[in-house]
Amino acid sequence: VDPRIWLSIPEAQEIQPSGIIETVLTTARVRAIAVHRDGAERLRGEGVTPGYFQRLGIRAALGRPLEASDHEAGAGSVIVIGHRLWTRAYGANRSAIGSVLRTQRASYTIVGVAPPGFNGTVEDDDVEFWIPIEQYEPQRMITDRNSRQTWVLMLTRPGVSEAALRESIGAISRDWKAR
């Protein structure tokens, strides 16, 4: 299956675990301008679905990863920052946890720092922050089926052939085209 096909957030969320697919993780490219004490900088990030860090086996270097409760309606705006951003903007100070990172669109409470070397899963990007996909900005992108900025990471069930996976994805694609 071509790993370079971009989907909209609604399309990605329609791909659910099945007899073939064990895990589905959705990640959307996020761009932000962070405002720090010393100025502003452009950052690249990912809006991610619940279980992203846990399923990838990524443990926070400091604080915690995003948790399922961070994705619930009414949850506060939280963010996990990358190790390089933590070092550059916060001097690798532990007090970054609980502080607020402000962007041009929102403010996020920092709950964790990713481990050194983890740069996210968006192709050709050095990701420096992760937020719950439900906090994606602008919010209209969460429901826009024509906005294609999303990747899907899938883990198949043991023993599933590539042919079976292709057929399953083909069926989903045919359903989208029919609608």
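Is Phe118 buried or exposed, and what is its relative accessible area? In this predicted model, where local features need pLDDT of at least 70, side-chain atom pairs count only at pLDDT 80 or more, and totals for chains, interfaces and linings use all residues, Phe118 is buried because its relative accessible area is 13%, and buried means under 20% with a 1.4 Å probe and protein chains only. Residues are numbered from 1 along each chain as its sequence is written, and side-chain values use heavy atoms, with hydrogens and water left out.

A pair of aromatic rings is described by the distance of the centres and the angle of the planes. Rings of Phe, Tyr and Trp (its six-membered ring) pair if their centres lie within 6.5 Å, and planes under 30 degrees apart count as stacked; this rule gives five aromatic pairs. Phe118 and Trp130 are stacked, because their ring centres are 5.3 Å apart and their planes stand at 25 degrees. Through ring pairs, Tyr52, Phe53, Phe118 and Trp130 are linked into a cluster.

Conventions: Rings of Phe, Tyr and Trp (its six-membered ring) pair if their centres lie within 6.5 Å; planes under 30 degrees apart count as stacked, over 60 as edge-to-face and the rest as tilted. Buried means under 20% relative accessible area, exposed over 50%, partly exposed in between (1.4 Å probe, protein chains only).
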